[in-house]
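Colleague: I'm new to this one. Please pick a single part and walk me through it up close.

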Amino acid sequence: MEKIFTEYLRRTISIRDTAVRRDMKENFYHGVLIGILGARERWGITSNREMGEGYADILVEPDTGDMGIIIEVKYAHDKDLTAACQKALEQIEHTGYEDDLADDGIEKILKYGIACYKKRCKVMLAR
């Protein structure tokens, strides 16, 4: 996933696309991911859904009905993609985003932290 998303960013965006206020940079990548994931017609894609004690950036519910995917996106202002991914995963855990899915009987829940900086990204899956 990391390789594909990084290649996509390198092919499609300009670093000018992220030339917005510091606190808004994450929104650009969030929108790009929503667009990419939304191409799967039968997947349920939800942006900023209230879950647990916060709002999950992206919730993906594949058409199989037995899995949920929670994605938290961060912009690595200091270029430290690993630290930003870890912060995203900590946010998922701290806010209990997966609790709503578990309450709905979803047993397989994947939690991804995705960090971006200009045309680079890092993807980490919670273990």
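**A strand residue and a helix**

Modeller: Let's start with Asp57, which lies in strand S2 (strands, at least two residues of E, and helices, at least four of H or I, are DSSP runs numbered from the N terminus). This is a predicted model, where local features need pLDDT of at least 70 and side-chain atom pairs 80 or more, while totals for chains, interfaces and linings use all residues. Numbering runs from 1 along each chain as its sequence is written, and side-chain values use heavy atoms, without hydrogens or water.

With 5% relative accessibility, Asp57 counts as buried (under 20% relative accessible area; exposed is over 50%, partly exposed in between, with a 1.4 Å probe and protein chains only). Leaving aside residues up to four places away in sequence, Asp57 touches Glu26, His30, Thr46, Ser47, Asn48, Ile71, Glu72 and Val73 (heavy atoms within 4.5 Å). Take Glu72: Asp57 is 15 residues from Glu72 in sequence, yet their C-alpha atoms are 5.2 Å apart.

Strand S2 (54-61) is also one of the elements that the buried residues of helix H3 pack against. Those buried residues are Leu81, Ala84, Cys85, Ala88, Leu89, Ile92 and Thr95. They sit on the same side of H3 because they cover an arc of only 145 degrees around the axis, taken from the directions from the helix axis to the C-beta atoms. Over on the other side, Lys87, Glu90 and His94 are exposed.

What about the ends of H3? Asp80 caps the N-terminal one, with a side-chain oxygen 3.4 Å from the backbone nitrogen of Thr82. After H3 comes Gly96, with a positive phi near 70 degrees.

Key. Polar contact = N/O pair within 3.5 Å; in protein donor to acceptor, adjacent residues only side chain to side chain.
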